Amino acid sequence: MTVKDSDGRRHRVAVLAQEGVYPFELSIPSRVLGNAEDAEGRPLYEVVVCTPDGSPVRSDAGFSVAVEYGPEALAAADTVVVPPTSRLGPFGQGDPLPRPTAAALARVRPGTRMVSICTGSYVLAAAGLLDGRSATTHWQVAQDFQRAYPRVKVDEEVLFVDDGDVLTAAGAAAGVDLCLHLVRRDHGAAVANHVARRCVVPPWRDGGQAQFIERPVPEPTSATTAATRAWALERLQEPLTLGELADHARMSLRTFTRRFRDEVGQTPGRWLTAQRIELARQLLETSDLPIDLVAHHAGFGTANSLRQHMRSVLGVSPVAYRRTFQAGTRPRAGSA
């Protein structure tokens with residue numbers, strides 16, 4: 001899928017609102033994708049909200065949502081986003097979708113990118129779009145979701161899953177992460193970071209990062225790893241060790257590792273690698289530095305190490321990644 005058609009029009013996004021829709025999640029695509037602009041300040045996405053039949057729907061917050069579009073918006077969309085609803089009904093148990101929703105989704109063109117946020121995954125699963133594919137949903141319903149749709153490869157631990165043309169997010173905040181991921185995938189880190197700043201949210205959280213499931217919040221007076229994370233971000237090119245990180249935080253290795261996982265949802269080593277990959281991506285997109293220097297500045301030491309990590313995480317080499325964004329298109333998983 002290309003971000004723009006050959007005629008240069010904006011990428012069209014249709015958000016499907018159903019009875020019982022959660023207002024916050026409904027607004028995420030418009031808020032995030034709607035803030036993505038090119039270098040001249042022109043919007044990169046056209047985001048519209050529709051319902052299965054064009055009629056208003058009652059939200060979960062006690063007010064109705066009136067829309068300008070019906071199922072015709074799905075037929076014209078390049079990306080369809082399905083936010084969650086509190087009224088799953090029979091399809092929450094694995095039964096077919098309501099006829100209006102099924103008929104509306106039947107109008108989606110082949111090759112359209114499909115996205116769900118939180119329990120919007122039930123809609124994609126009921127439509128058969130997740131059969132045999134990896135997906136996630138909110139951790140509270142993950143086991144029920146798996147029972148209802150056993151053909152889906154459910155990963156209840158992650159924030160979101162990018163399975164190419166079908167993407168699923170775990171919950172509300174993860175929906176923001178996933179939409180920022182779409183911007184980054186389509187247009188690169190610089191545009192995504194600009195959107196994040198405008199929305200005042202973190203620019204990037206790895207989709208493989210764990211959902212924050214039943215984790216205790218650290219006491220306000222207790223030491224945290226925040227200052228050490230900020231310190232490490234300024235020194236990514238250095239060969240930072242776990243011992244150095246723990247020493248900076250003035251904690252034992254065991255305490256630091258446990259507290260880091262509680263606060264971030266990842267091990268310190270995995271977090272460092274993720275931040276270095278993100279820095280390398282930005283350097284590849286925005287500079288002409290040789291690959292060896294990109295690897296050095298990002299803390300990978302050698303071009304070979306950077307190449308191995310980028311292939312593992314992104315499925316592309318540094319050269320291919322740079323070439324793709326210089327050409328104005330996104331990288332595809334598994335490309336050279």
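User: How many aromatic pairs are there, by the rule on ring centres?

Analyst: This is a predicted model, and the count comes to five aromatic pairs.

User: Why is the pair of Y122 and Y149 called edge-to-face?

Analyst: Two rings pair if their centres lie within 6.5 Å, and planes over 60 degrees apart count as edge-to-face. The centres of Y122 and Y149 are 6.2 Å apart and the planes sit at 75 degrees, so edge-to-face is the label.

User: What makes that pair a tie between parts of the chain?

Analyst: Y122 belongs to helix α4 (residues 121–126), while Y149 is in the loop between α5 (142–148) and β8 (153–154), so the pair ties together parts 27 residues apart in sequence. Ring pairs also bring in F145, which makes a cluster of Y122, F145 and Y149.

User: Are Y122 and Y149 buried or exposed, and how do you know?

Analyst: Buried means under 20% relative accessible area. Y122 comes out at 2%, so it counts as buried. Y149 has 8%, so the label is buried there too.

User: What about F260 and W271, what kind of pair do they form?

Analyst: An edge-to-face one: 5.6 Å centre to centre, with 70 degrees between the planes. F260 is in helix α10 (residues 253–264) and W271 in helix α11 (residues 268–286), so this pair ties together parts eleven residues apart in sequence. Both F260 and W271 are buried.

User: Which residues have the most contacts inside the largest nonpolar core?

Analyst: That core has 35 residues, and the ones with the most contacts inside it are V32, L33, A36, Y45, V183 and V195. Its largest share, seven residues, is supplied by α6. Take V195: leaving aside neighbours within four places in sequence, V195 is in contact with V32, N35, A36, L180 and V183. Another core lies apart from the largest one, with 27 residues, among them A14, L74, V80 and V108.

User: How do α11 and α12 cross?

Analyst: The axes of α11 and helix α12 (residues 291–298) come within 9 Å and cross at roughly 145 degrees. The crossing is right-handed.

User: Which residues meet there, and what classes do they fall in?

Analyst: From α11 you get R276, L279, A280, L283 and L284, and they meet I291, V294, H297 and A298 in α12. By class, that contact has seven nonpolar, one polar and one charged residues.

Note on methods. Residues numbered from 1 in each chain as written. Predicted model: local features only at pLDDT ≥ 70, side-chain atom pairs only at ≥ 80, totals over all residues. Heavy atoms only, no water. Phe/Tyr/Trp six-rings, centres within 6.5 Å; stacked < 30°, edge-to-face > 60°. Helix = DSSP H or I, 4+ residues; strand = E, 2+ residues; numbered from the N terminus. Buried < 20%, exposed > 50% of the residue type's maximum accessible area, 1.4 Å probe, protein only. Core = buried A, V, L, I, M, F, W, Y, C linked by side-chain atoms within 4.5 Å. Contact = heavy atoms within 4.5 Å. Axes fitted to C-alpha atoms, helices over the stretch in contact; angles between N-to-C directions. Left-handed = near helix turned anticlockwise from the far one by under 90°. Nonpolar A, V, L, I, M, F, W, Y, C, P; charged D, E, K, R; others polar.
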